[in-house]
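Subject: Structure for your review

Dear colleague,

Please find below the structure that I am handing over to you. I would be grateful if you could look through it with the notes that follow it.

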Amino acid sequence: MLAVAAACSLTGLVLGYPYLAELALWLVINFACLLGGFLIHEGAHALAGRRFRGISSFVVSSSMFRFSIAPVGRLYGWQIAVMALAGPVAAAAAGLVLWAAVPGLLLHWWFWPHLVFLAPLFGDGRSLVVGIRHWSARVPLHAQPPEAAGEAQ
Ligand SMILES: [Zn+2]
């Protein structure tokens, strides 16, 4: 994405087409919002998790299209529910702030869809269901640190 934006900008500057530079800026801003939404989302999970005793570490996993953190340890169900809600709600709240600040730019649409991750189809939604079902029980978290996962195989 950034390479495309740089190519558009350079081409626009060399050929004297300023609208290509505008396109490059639009690409960079939208990419920053896409990335920022996920950073806020995962950061909120981590911040919420750090408030609870029982998490020994976080496991970061990533692929070409996503990255996520998973806590290792044991939490009460209500804590799992709070952690699950924190990421999507924080991203949606950031989108709300952006929409209030600059409604005409429509950049908030990179943030509000994070609420979809609360559907049980996704990890946050599944965690929310587990947290609600085991509200006052301590639940082991299934993420394994990389070295433990390597030993199990
Ligand atoms: Zn999440």
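This is a predicted model: local features need pLDDT of at least 70, side-chain atom pairs count only at pLDDT 80 or more; totals for chains, interfaces and linings use all residues.

Helices H1 and H2

Helix H1 covers residues 2-15 and helix H2 covers residues 18-50; the two pack at an angle of about 160°, and their axes are 7 Å apart. H1 and H2 are therefore roughly antiparallel to each other, since an angle over 145 degrees counts as such. The crossing by which H1 passes H2 is left-handed. On the H1 side, the residues that take part are Leu2, Val4, Ala5, Cys8, Ser9, Thr11, Gly12 and Leu13, and they meet Pro18, Tyr19, Leu20, Ala21, Leu23, Ala24, Leu27, Val28 and Phe31 of H2. In this contact of H1 with H2, 14 residues are nonpolar, three are polar and none is charged.

Helices H2 and H3

H2 also packs against H3: their axes come within 7 Å and cross at roughly 145°. This crossing of H2 and H3 is right-handed. From H2, the contact draws on Gly37, Ile40, His41, Glu42, Ala44, His45, Ala48 and Gly49, which meet Val82, Met83, Ala86, Gly87, Pro88, Ala90, Ala91 and Ala94 in H3. Sorted by class, the contact of H2 with H3 holds ten nonpolar residues, five polar and one charged.

Helices H3 and H4

The axes of H3 and H4 come within 7 Å, with a crossing angle of roughly 155°. H3 and H4 are therefore roughly antiparallel to each other, and their crossing is left-handed. H3 contributes Gly77, Trp78, Ile80, Ala81, Met83, Ala84, Leu85, Gly87 and Pro88, while H4 contributes Asp124, Ser127, Leu128, Val130, Gly131, Ile132 and Arg133. The classes in the contact of H3 with H4 are ten nonpolar, four polar and two charged residues.

Which residues of H4 are buried? In this helix, residues 123-133, they are Asp124, Ser127, Leu128 and Gly131. Viewed down the axis of H4, these buried residues fall within an arc of 105°, so they line one face of the helix. Helix H3 (77-101) is included in what covers the buried residues of H4.

Individual residues

Ala46 belongs to helix H2. Ala46 is partly exposed, because 16 other C-beta atoms lie within 10 Å, and a count between 12 and 20 is classed in this way. Apart from neighbours within four places in sequence, Ala46 is in contact with Phe58 and Ile69. Ala46 and Pro71 are separated by 25 residues in sequence and by 8.2 Å in space, C-alpha to C-alpha.

Ser57 is part of strand S1, which runs over residues 55-62. Is Ser57 buried or exposed? Ser57 is exposed, with 12 other C-beta atoms within 10 Å. Ser57 and Leu118 are 61 residues apart in sequence, and their C-alpha atoms are 23 Å apart in space.

Leu106 sits in the loop between H3 and H4. Although Leu106 is not a glycine, its phi is positive, at about 60°. Leu106 is exposed, with 12 other C-beta atoms within 10 Å.

With kind regards

Note on methods. Residues are numbered from 1 along each chain as its sequence is written. Axes are lines fitted to C-alpha atoms, for helices over the stretch in contact, and angles run from 0 to 180 degrees between N-to-C directions. Helices (H or I, at least four residues) and strands (E, at least two) are DSSP runs, numbered from the N terminus. Angles under 35 degrees count as roughly parallel, over 145 as roughly antiparallel, 65 to 115 as roughly perpendicular and the rest as oblique. A crossing is left-handed if the near helix is turned anticlockwise from the far one by less than a right angle, and right-handed if clockwise. Two residues are in contact if their C-beta atoms, placed from the backbone, lie within 7 Å. Ala, Val, Leu, Ile, Met, Phe, Trp, Tyr, Cys and Pro count as nonpolar, Asp, Glu, Lys and Arg as charged, and the others, Gly among them, as polar. The arc is that of the directions from the helix axis to the C-beta atoms.
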